[in-house]
Amino acid sequence: MNNDIINHPSHYTDGKIEVIDFIEDKKLNFHRGNAIKYISRAGKKDPQKEIEDLEKAIWYLSREVLRLKGIDGKPELKRSSNMMKVYICSRYSAPTTEVRRAYIGYAKELSGIALSKNTAPIVPHLYLPMLLNDNCPDEREMGLKTCLALLEGCDELWVGKRYNISEGMEREIAYANQYNIPIRYFS
């Protein structure tokens with residue numbers, strides 16, 4: 001079929017059946033039909049908007065699920081970014097202020113590498129110590145749990161091993177291994 005942008009756009013007619021014909025044949029409602037439409041055209045209408053089209057499909061399916069559950073409202077799905085998120089894992093606890101400065105400088109160096117690769121560095125050990133007391137076992141444990149929760153949402157774990165691997169870092173590495181989060185090591 002030729003590309004007729006109004007009646008038969010090529011991004012809906014590239015298979016054996018045109019998307020609208022499939023939707024009508026299956027008697028899909030508005031939400032389900034739009035989900036099929038966006039899935040079908042993802043990466044074809046505009047390759048730069050493939051993720052956006054798939055997110056729209058998810059939004060329509062989420063709205064349909066809410067409708068079926070009898071819940072009034074619109075789904076709020078966070079938009080994804082093309083920027084990969086990496087969790088920076090490096091030492092923080094130190095015997096002296098001077099050593100801690102070196103550890104912080106190294107975390108900043110790793111973060112700079114991430115930024116230079118158009119990657120978002122997640123570095124909670126640079127700000128959590130301002131909120132929690134690292135010397136209080138309960139607060140330290142809360143900090144480590146917070147770090148693991150943040151690690152869950154990352155695409156990779158970057159381990160800085162210049163100053164060896166601490167007990168807290170070992171927990172983060174084990175967690176990444178458990179959840180199949182890729183790990184990269186830096187010297």
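Visitor: What kind of model is it?
Guide: It's a predicted model, where local features need pLDDT of at least 70 and side-chain atom pairs count only at pLDDT 80 or more, while totals for chains, interfaces and linings use all residues. Residues are numbered from 1 along each chain as its sequence is written, and side-chain values use heavy atoms, leaving out hydrogens and water.

Visitor: OK, the sheet. What order do the four strands have?
Guide: The order is S2-S1-S3-S4, in an open sheet with parallel pairing. Strands here are DSSP runs (E, at least two residues), and helices are runs of H or I of at least four, numbered from the N terminus. Two strands pair if DSSP finds at least two bridges between them.

Visitor: And which are the edge strands?
Guide: S2 and S4 (183-186), as each pairs on one side only.

Visitor: How many bridges do S1 and S3 pair over?
Guide: Four, with S1 covering residues 84-89 and S3 residues 156-160. Within that pairing, Val86 has Glu156 in S3 as its bridge partner.

Visitor: Switching topic: how many salt bridges does the structure hold?
Guide: Seven. A salt bridge means a side-chain nitrogen of Lys or Arg within 4 Å of a carboxyl oxygen of Asp or Glu. One of them joins Glu64 and Arg32, with the closest N and O atoms 2.9 Å apart.

Visitor: Why does that pair tie together parts 32 residues apart in sequence?
Guide: Because Glu64 lies in helix H3 and Arg32 in helix H2 (residues 30-41).

Visitor: Is Glu64 buried or exposed?
Guide: Buried, at a relative accessible area of 3%. Buried means under 20%, exposed over 50%, and partly exposed in between (1.4 Å probe, protein chains only). Arg32 is partly exposed at 35%.

Visitor: What does Tyr60 touch?
Guide: Phe30, His31, Asn34, Ala35 and Tyr38, not counting residues up to four places away in sequence; contact means heavy atoms within 4.5 Å. Tyr60 lies in H3 (residues 50-68) and is buried, with a relative accessible area of 16%.

Visitor: Last one: where is Tyr127 found?
Guide: In the loop between strand S2 (119-122) and helix H5 (128-131). Tyr127 is partly exposed, with a relative accessible area of 37%.
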